[in-house]
Amino acid sequence: MEYVLTAQGLYKKYGNFKALDNFSIHVPKGAIYGFVGRNGAGKTTLIRLICGLQTPTEGSFTLYGVPCASREILKSRRRMGAIVETPSIYLDMSAENNLKEQYRILGLPSFDSIPELLSMVGLENTGKKKAKNFSLGMRQRLGIAIALAGSPDFLILDEPVNGLDPQGIIEIRELILKLNREHQITVLISSHILDELSRLATHYGFIDHGRMIREITAQELEQACRKCIRVKVSDLQAMTRVLDRLSLEYNILSDSEADIFSHESVSSLVRALSAENCDVLSMTEREENLERYYVNLISSTGGERHE
């Protein structure tokens, strides 16, 4: 598999504090990579390293296979665009003039592609309206347009829907999907709004206390977040006998509860339990989502600081 970004044994320390601690990551080309972690977990630190705003304390990362210590890393960085924390825009300028300034910074020879870029992010009709009069969603889309000015094929977005209203969130989601599917741009999204991220990501990386806890594809996550029936019964041993006899997959939760992963009909299961003199006290259908998966994952690793 071809990777746009990789890291192995990466450290970033501030005094005795390890913002990144033996960190690793693998972002496949063409992916929408959801970078998940609580505030302070190390997400923005990694993004700053990738963008060249800071340098690693130890270890290395690669962009398009080029190590960060190589002189060639500057060429690799020209292939990426990023929004770190908040969009860098001139509030007293129009969207078009903001892009012209970015084109000048990048040394691009012509402004001819600006109308197409404004159209791509849905700001083609803003005219001379100043960015300070834009909605938060419009400012975020302008920030993405500025990040796209150099025609990158790798886009890094740090909390792109933070503070947006529902309509703004939908607009950013549709834009990200469009950039990925129609323009083949690999996207890394740092976010703690997990419900929204689950609508976008093809791959996930879960970070906690500066360490990558797990990397997983959306398909693997979907398999892990299966539907189940949570059953509470009067006799757990009787229920396990029934489940084993029916060859049903299950997970014991307590001395009276279990999750059953099966398409067995509820009525058949209740009849089988009744035949064993086992009463069903409650039965609910459950489906684990990304948020619950993340919470359970962090809980299972202890959520403690590694030193």
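Reader: What should I know about the model before we start?
Author: Residues are numbered from 1 along each chain as its sequence is written, and side-chain values use heavy atoms, leaving out hydrogens and water. As this is a predicted model, local features need pLDDT of at least 70 and side-chain atom pairs count only at pLDDT 80 or more, while totals for chains, interfaces and linings use all residues.

Reader: What makes up the protein, in helices and strands?
Author: There are 11 helices and 14 strands. Both are DSSP runs numbered from the N terminus: helices are H or I with at least four residues, strands are E with at least two. Along the principal axes, the C-alpha atoms fill a box of roughly 80 × 45 × 35 Å.

Reader: Why is Ala-7 called buried?
Author: Buried means under 20% relative accessible area, exposed over 50%, and partly exposed in between, using a 1.4 Å probe and protein chains only. Ala-7 has 4%, so it is buried. You will find Ala-7 in strand β1 (residues 3-14).

Reader: And why is Arg-173 called buried?
Author: Its relative accessible area is 19%, which is under 20%, so Arg-173 counts as buried too. Arg-173 belongs to helix α6 (residues 166-183). Across the protein, buried residues make up 45% of the 307 residues.

Reader: Which residues are in contact with Arg-173, leaving aside its neighbours within four places in sequence?
Author: They are Glu-196, Arg-199 and Leu-200. Contact here means heavy atoms within 4.5 Å. By that same rule, Ala-7 touches Phe-23, Ser-24, Ile-25, Ser-60 and Phe-61, again not counting residues up to four places away in sequence.

Reader: How do you know that α5 and α6 are roughly parallel?
Author: Axes are lines fitted to C-alpha atoms, for helices over the stretch in contact, and angles run from 0 to 180 degrees between N-to-C directions. Angles under 35 degrees count as roughly parallel, over 145 as roughly antiparallel, 65 to 115 as roughly perpendicular and the rest as oblique. The axes of α5 (residues 136-147) and α6 cross at roughly 20° and come within 10 Å. The two helices are therefore roughly parallel to each other.

Reader: Which residues meet between α5 and α6?
Author: Gly-137, Gln-140, Arg-141 and Ile-144 of α5 meet Glu-171, Ile-172, Leu-175 and Leu-179 of α6. They divide into 4 nonpolar, 2 polar and 2 charged. Nonpolar covers Ala, Val, Leu, Ile, Met, Phe, Trp, Tyr, Cys and Pro; charged covers Asp, Glu, Lys and Arg; the others, Gly among them, are polar.
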